[in-house]
Amino acid sequence: MSAETEQTAAAKTGRRWLIYAVIGLAIVLLLIWYLWAQTSSLDGLKRFVRYSGKHYDSFSVSVPDAGACVIAEDRLCTASQEGVSAYGADGKLLFRVGAPYRDPAIKAAGDFILCYEIGGTRLALLNTNGKELFFLHTEGRIYDAEAAQSGNVSVLMEGDGCRAVAEVYSKNGVLLFRHESASRYLNACAVSPDGDYLAVNALGQEDIRFASAARLFATDSEEPLAELSMDAQMIYDMAFLDDESVCAVGERSLQFFTAEGAILREYALQTGTLSAYRFADDLVAASYDLLSGGSAVVLLDAQGKELAFSEYDDTVRHISVCGNYIGILTDRELRICDRTLKLCGSTENQGWQAALVRSDGTAMCLTGSDAVLYIPG
């Protein structure tokens, strides 16, 4: 083989290995990007990079109760006599909008914040930058309201000449659907992300007994698609966990069914009573006070299948869900867990009433008058 042929062969081999090295580097970078951006595997490293060397003091915040605060886009948002306020991790006030709210409730869904007065007549939908998208002054007292990730809003209110009124609005405040309930009260509602379906809980009697029933509507039709018996139990709340699946939280069980009325599953913990619950994308978390003492937390998917279960020897005071994390605040400690309820970090409860976990595994911990950021190690 001539010297020129050998040099050509060596050059080809060198180019081949260079190509392999570039492909290998691209695969490694793609894997790092996936682990960094799409999973929680590197969240510990992200927290170290983001918070290392920084100190986060507690800051003053007016929170009437745990139902008047929520995490939206990792911001602590509250509703109070001061209006709707949002705070950064360092306690900086990011915005404050609106008039004072009496007995406020605040909920987050995607890029939207819903605030309304429980038993009042005012409701507002904001984006996470504090811009008011629409304001509603209802004709009667508000019983319940929910927002979907698309910004669609369902509202239950006192009716004039009927027992209750259910309405669905677009994120711009356009009325999409209205139902007047002539014979039964309505106490809970949920709207699907695409705004195509509405679920309400109706209260009535069956054979001289109290009875609850889920009524399901397509928002392009006045007639209900289906009605499902919830037995003789009070339904506290309802939510769409995905485009088709609904969860109804009752005093004795959690009911799962489709938007068109197909029953999926019923979950009832026979050894305890429900103490708290939280809805999230394709997930519901519920805590129970056990009859034998202590507490339990269960995670269920959109079809009602049990994903994880864990018991604790003290009482669960508050639970929260954000992204891949579950925050469990007990009498003694705050536990940050993943979606298998595996412990990711814990700290002593320092008199907190609520702990709202954020998407990176940190948590905003609140007393009645201040808040502080907890950062797992």
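## Salt bridges

A salt bridge here is a side-chain nitrogen of Lys or Arg within 4 Å of a carboxyl oxygen of Asp or Glu. By that count, the structure holds 17 salt bridges. This is a predicted model, where local features need pLDDT of at least 70, side-chain atom pairs count only at pLDDT 80 or more, and totals for chains, interfaces and linings use all residues. Residues are numbered from 1 along each chain as its sequence is written, and side-chain values use heavy atoms, with hydrogens and water left out.

Start with Arg122 and Glu117, whose closest N and O atoms sit 3.1 Å apart. Arg122 is buried at 15% relative accessible area, and Glu117 is buried too, at 8%; buried means under 20%, exposed over 50%, and partly exposed in between (1.4 Å probe, protein chains only). Next up, Arg215 and Glu227 meet at 3.0 Å, N to O. That pair links distant parts of the chain, with Arg215 in strand 16 (residues 209-218) and Glu227 in strand 17 (residues 224-229), twelve residues apart. Strands (E, at least two residues) are DSSP runs, numbered from the N terminus. Arg215 is buried at 16%, whereas Glu227 is partly exposed at 41%.

Arg317 and Asp331 form another salt bridge, with the closest N and O atoms 2.4 Å apart. Here Arg317 belongs to strand 26 (residues 316-322), while Asp331 is 14 residues away in the loop between strand 27 (325-330) and strand 28 (333-337). Asp331 is partly exposed, at 37% relative accessible area. There's also a network: Glu139, Glu167, Arg178 and Glu180 are joined by salt bridges that share partners.

## Nonpolar cores

A nonpolar core is a set of buried Ala, Val, Leu, Ile, Met, Phe, Trp, Tyr and Cys residues joined through side-chain atoms within 4.5 Å. The largest one has 18 residues, and Leu114, Tyr116, Leu123, Phe134, Val153 and Val155 touch the most other members. Strands giving two or more residues to this core include strand 7 (112-117), strand 8 (122-127), strand 9 (132-137) and strand 11 (153-158). Apart from it lies another core, of 17 residues, with Phe256, Tyr267, Val284 and Ala286 among them.

Beyond its neighbours within four places in sequence, Val153 is in contact with residues including Leu114, Leu123, Phe134 and Val191; contact means heavy atoms within 4.5 Å. Val155, in strand 11, is buried at 1% relative accessibility. Not counting residues up to four places away in sequence, Val155 touches Leu136, Ile142, Val165 and Cys189, among others. One of its partners is Thr138, 17 residues off in sequence and 9.2 Å away, C-alpha to C-alpha.

Four strands line up as an open antiparallel sheet in the order 22-23-24-25. Strand 22 (272-280) and strand 25 are the edges, each pairing on one side only; pairing takes at least two DSSP bridges between two strands. Neighbouring strands are turned by 15° against each other on average, direction ignored, using axes that are lines fitted to C-alpha atoms, with angles running from 0 to 180 degrees between N-to-C directions. Strand 22 and strand 23 (residues 283-290) pair over eight bridges, and Thr273 has Asp289 of strand 23 as its bridge partner.

Leaving out residues up to four places away in sequence, Ser310 touches Ser295, Ala296, Val297 and Leu341.
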